[in-house]
Amino acid sequence: MPASPPSDLAFVPFVSVQNMMRLIHHRGIENALRELAEYIEEDFRRWPSFNKTPRVASHSADGVIELMPTSDGESYGFKYVNGHPKNTAEGLQTVTAFGVLAEVSSGYPVLLSEMTLLTALRTAATSAMVARRLAPGGARCMAMIGNGAQAEFQALAMKAIVGIDEVRLYDIDPAATRKAQRNLASTGLTVTACASAQEAILGAQIITTCTADKQYATILTDNMVGAGVHINAIGGDCPGKTELHPGILARSEVFVEYPPQTRIEGEIQQMPEDFPVTEFWEVLVGTAKGRTSDQQITLFDSVGFAIEDFSALRCLRDWLKGTSYFERLDMIADPDDPRDLFGMLQRAAPSEDAA
Ligand SMILES: NC(=O)c1ccc[n+]([C@@H]2O[C@H](COP(=O)([O-])OP(=O)(O)OC[C@H]3O[C@@H](n4cnc5c(N)ncnc54)[C@H](O)[C@@H]3O)[C@@H](O)[C@H]2O)c1
């Protein structure tokens, strides 16, 4: 019997890097960030309905490779992501990622996507969704410390979602700052390159730290941070990898994604296990307070949680509807008779005539 063509379920929509870039331009970058933030907020608002676990991390001397799974009972998602701060010196990305969305009822995957770009977008959208609630009212200026791959996404999300109009850049590598300045030149943001972190935070109501270094770094010392700011700490996201002096944490109201993961990976790994934190989803649903005074320092100790990737994949799936920004990947072996997997293979043998 000749081999039958693959069934429809065998084909999984696959979003390549090329198609992701086309899709983002099709939607408009700032609009895409706003839409993503809405999906993320929607899922934060139904936080208790998700199956949650700290991500599974495989550490090495060079970096970390992580798997980030979650499910809402209907869909299941996971992301593969790495973090290798030494990579840029070798011409490679610090962070790369891809991910899958699957149907819980059958276990069949329904979407496979690049997620290096999508991670940069979802991280920025999450930061801005949080800053919109926690930053001091009328925040217009952000200091952006660490001007690598994530930087421009962070700046644009804060513009599109929080309404900042100025960004002050600093990186230990001036080439990174020049790159970010160039990329942000025509976005409508006023962009200032600064010679130190201290200079960058002058006049900023939001301070984003987004550096990559595999050590306990002190990007912000305690005396640099005054009252009434919001700190968006992105780069401290691994055991032994932090950015803030613990004195800042002691003076701040700290907001986190998922405490069991953040206590291992976030800035608060430097603090005692019972250091008080607020889960941000509770601020959204009104069971916890956000900013309560102009003088307060609010701190989003972001490490990146699986639900944000799930939301991003869910959003992407909706973006794809009616478009051609994907390929159909023959990924799942799906024989007509489900128990005849071997027969399917056998029927695919090249015939002797053809050989
Ligand atoms: N929280 C999250 O959800 C999340 C998501 C993605 C990435 N990250 C983290 O964000 C960080 C940045 O990621 P990226 O992809 O932009 O990395 P990147 O390597 O492209 O950029 C990092 C930049 O930090 C700069 N830097 C290093 N030490 C510095 C210092 N002491 N002062 C100022 N600048 C310094 C480097 O020169 C580089 O330009 C990484 O640590 C990554 O793990 C977090």
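Below is a short exchange on the domains, sheets, helix packing and ligand shell of a predicted model.

User: What makes domain 1 and domain 2 the domains of the protein?
Analyst: The domain assignment gives domain 1 as 8–117 + 308–347 and domain 2 as 128–304; such bounds come from an automatic or database domain assignment. The centres of domain 1 and domain 2, taken over C-alpha atoms, are separated by 26 Å.

User: How many residues of domain 1 and domain 2 are in contact?
Analyst: Contact requires C-beta atoms, placed from the backbone, within 7 Å. By that rule 21 residues of domain 1 touch 23 residues of domain 2. H2 gives the most to the domain 1 side, with 9 residues. That side has 10 nonpolar, 4 polar and 7 charged residues, where Ala, Val, Leu, Ile, Met, Phe, Trp, Tyr, Cys and Pro count as nonpolar, Asp, Glu, Lys and Arg as charged, and the others, Gly among them, as polar.

User: Why are H2 and H4 called roughly perpendicular?
Analyst: Helix H2 (residues 29–45) and helix H4 (residues 151–162) pack at about 70°, with axes 9 Å apart. Axes are lines fitted to C-alpha atoms, for helices over the stretch in contact, and angles run from 0 to 180 degrees between N-to-C directions. Angles under 35 degrees count as roughly parallel, over 145 as roughly antiparallel, 65 to 115 as roughly perpendicular and the rest as oblique. H2 and H4 are therefore roughly perpendicular to each other. The contact of H2 with H4 divides into 7 nonpolar, no polar and 3 charged residues.

User: How do you know that strand S7 and strand S8 pair?
Analyst: Pairing needs at least two bridges found by DSSP, and 5 bridges join S7 (residues 141–145) to S8 (residues 166–170), which run parallel. Strands (E, at least two residues) and helices (H or I, at least four) are DSSP runs, numbered from the N terminus. Ile145 has Tyr170 in S8 as its bridge partner.

User: What makes S9 and S15 edge strands?
Analyst: The open sheet of 8 strands has the order S9-S8-S7-S10-S12-S16-S14-S15, with parallel pairing. Strand S9 (190–193) and strand S15 (278–279) each have a single partner strand, so one side of each is left without a neighbour in the sheet.

User: Which residues come nearest to the ligand?
Analyst: A residue is near a molecule if its C-beta atom, placed from the backbone, lies within 6 Å of it. Of the 29 residues around the ligand, Thr94, Gly148, Ala149, Ala176 and Gly304 come nearest. The shell divides into 12 nonpolar, 13 polar and 4 charged residues, and draws at least three from each of domain 1 and domain 2.

Methods:
Residues are numbered from 1 along each chain as its sequence is written. This is a predicted model: local features need pLDDT of at least 70, side-chain atom pairs count only at pLDDT 80 or more; totals for chains, interfaces and linings use all residues. Two residues are in contact if their C-beta atoms, placed from the backbone, lie within 7 Å.
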